[in-house]
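Biologist: Please go through this chain with me, one question at a time.

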Amino acid sequence: MAIGALAIAGFSVVSGIMVGAVGGAFGTETRTVEAPPLVQVGLQEASRPESPTAEQVIVPPSPTWQVATPTTPRPTTTTPSPTPAPEVSEPSSTNEAP
């Protein structure tokens, strides 16, 4: 069992190194990507409108608004009183075998 796990681990490591080598992860050639120069041609300064774009909307409270009734009972902090254990009757001795 341990030899199989070791073989799988070795295969995984070798496969990973091969994929990295094919993808160029271990190459010595470096590529630098330059950012394009900033251009100010055609840019406009941001402007703010003189008036708001939408009117202010005021929603009055509904006359039928109310707090929802609880759907589950609230937890209590007091411990409930213990219920008495049911009485166990003794087996009758009249059903014994002779």
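Biologist: Which residue with a positive phi follows α1?
Modeller: The model is predicted. After α1 comes a residue whose phi is positive, near 85 degrees. That residue is Gly24.

Biologist: How many residues does α1 have, and what does it reach from its first C-alpha to its last?
Modeller: At 1.5 Å a residue, the expected span is 30 Å, and the helix is close to that. α1 has 21 residues and reaches 30 Å.

Biologist: How many helices and strands are there in the chain?
Modeller: The chain has zero strands. As for helices, the number is one.

Biologist: Is Phe26 buried or exposed?
Modeller: Phe26 lies in the segment after α1 (2–22). Its relative accessible area is 57%. The cut-off for exposed is over 50%, so Phe26 is exposed.

Biologist: Which residues make the nonpolar surface patch?
Modeller: The patch covers about 320 Å². Phe26, from the segment after α1, is one of its members.

Biologist: What percentage of the accessible surface belongs to carbon and sulfur atoms, and what percentage of the residues is buried?
Modeller: The accessible surface of the chain comes to about 11,100 Å², with 62% belonging to carbon and sulfur atoms. Of the 98 residues in the chain, the buried ones make up 1%.

Technical notes: Residues are numbered from 1 along each chain as its sequence is written. This is a predicted model: local features need pLDDT of at least 70, side-chain atom pairs count only at pLDDT 80 or more; totals for chains, interfaces and linings use all residues. Side-chain values use heavy atoms; hydrogens and water are left out. Patches are made of residues with over 30% relative accessible area and no salt bridge: like charges are joined within 9 Å, nonpolar side chains (Val, Leu, Ile, Met, Phe, Trp, Tyr) within 5 Å. Accessible areas come from the Shrake-Rupley method with a 1.4 Å probe; for residues, only the protein chains shown count as cover. A salt bridge is a side-chain nitrogen of Lys or Arg within 4 Å of a carboxyl oxygen of Asp or Glu. Helices (H or I, at least four residues) and strands (E, at least two) are DSSP runs, numbered from the N terminus. Buried means under 20% relative accessible area, exposed over 50%, partly exposed in between (1.4 Å probe, protein chains only). The expected span of a helix is 1.5 Å times one less than its number of residues.
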